[in-house]
Amino acid sequence: MGEGEVIGASTHYLTTPQGGGDVWSAEAASAGRRGAQKIVSAGEVAAPERVADLLGVGRGDPVVARRRIMFLDGEPCELTDTYYSVEIARGTGLAGTAKIRGGAVRLLAELGHVGVRATEDVAARMPSESERAVLALRADEPVIELTRLTLDADDRPVQVDVMVMPPRGQKLRYEIRIG
């Protein structure tokens, strides 16, 4: 990895980590860096339009959301909002701000919700003022927004992740099996 470069392979975040550790911290450590995260908020919110469409709920209906700030070597590098339907997450650790022992993927599996397929959309855009402030962006600096929908074996939505990050030092890697 080059200076400031983090390679995020989505598959690491879609399966339960061995040993139940923090995937982000482990990925950063493998590159000789320090990764950390802070859960800023969690609980029920009105579903944003795009999230509602992806989760298959009504626009504005309640969903459970977890907002995290990801840090690399002590600097904020990504905002991640994860959304779940209330049928999946209400009353579980997903609706709280405490770290989830073994991670969210493990808890979802224990609740009977195993992701088997994910789709991702990546777009570049200008950040909101709050995103600019949290990520310490310059006035003219865009962000990359990666939206991931995880589906179970019956093509039911399990979760939606919306990740916002500055493009500097980012490299996304995708492995696609053909046939």
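User: Leaving aside neighbours within four places in sequence, which residues is alanine 65 in contact with?

Analyst: In this predicted model, they are Ser41, Ala42, Gly43, Val45, Thr82 and Tyr83. Contact here requires heavy atoms within 4.5 Å.

User: Why is glutamate 141 called buried?

Analyst: Its relative accessibility is 3%. The cut-off for buried is under 20%, so glutamate 141 qualifies. Glutamate 141 sits in the loop between α5 (129-135) and β6 (143-151).

User: What makes the pairing of glutamate 141 with arginine 168 a polar contact?

Analyst: The side chains come to 2.6 Å. The limit for such N or O pairs is 3.5 Å.

User: How do you know that aspartate 121 and arginine 50 form a salt bridge?

Analyst: Their closest N and O atoms are 2.7 Å apart. The criterion is within 4 Å.

User: Why does this pair tie together parts that are apart in sequence?

Analyst: Aspartate 121 belongs to strand β5 (residues 117-125) and arginine 50 to helix α2, so the linked parts are 71 residues apart in sequence.

User: Why is aspartate 121 called partly exposed?

Analyst: Its relative accessibility is 42%.

Technical notes: Residues numbered from 1 in each chain as written. Predicted model: local features only at pLDDT ≥ 70, side-chain atom pairs only at ≥ 80, totals over all residues. Heavy atoms only, no water. Helix = DSSP H or I, 4+ residues; strand = E, 2+ residues; numbered from the N terminus. Buried < 20%, exposed > 50% of the residue type's maximum accessible area, 1.4 Å probe, protein only. Polar contact = N/O pair within 3.5 Å; in protein donor to acceptor, adjacent residues only side chain to side chain. Salt bridge = Lys/Arg side-chain N within 4 Å of Asp/Glu carboxyl O.
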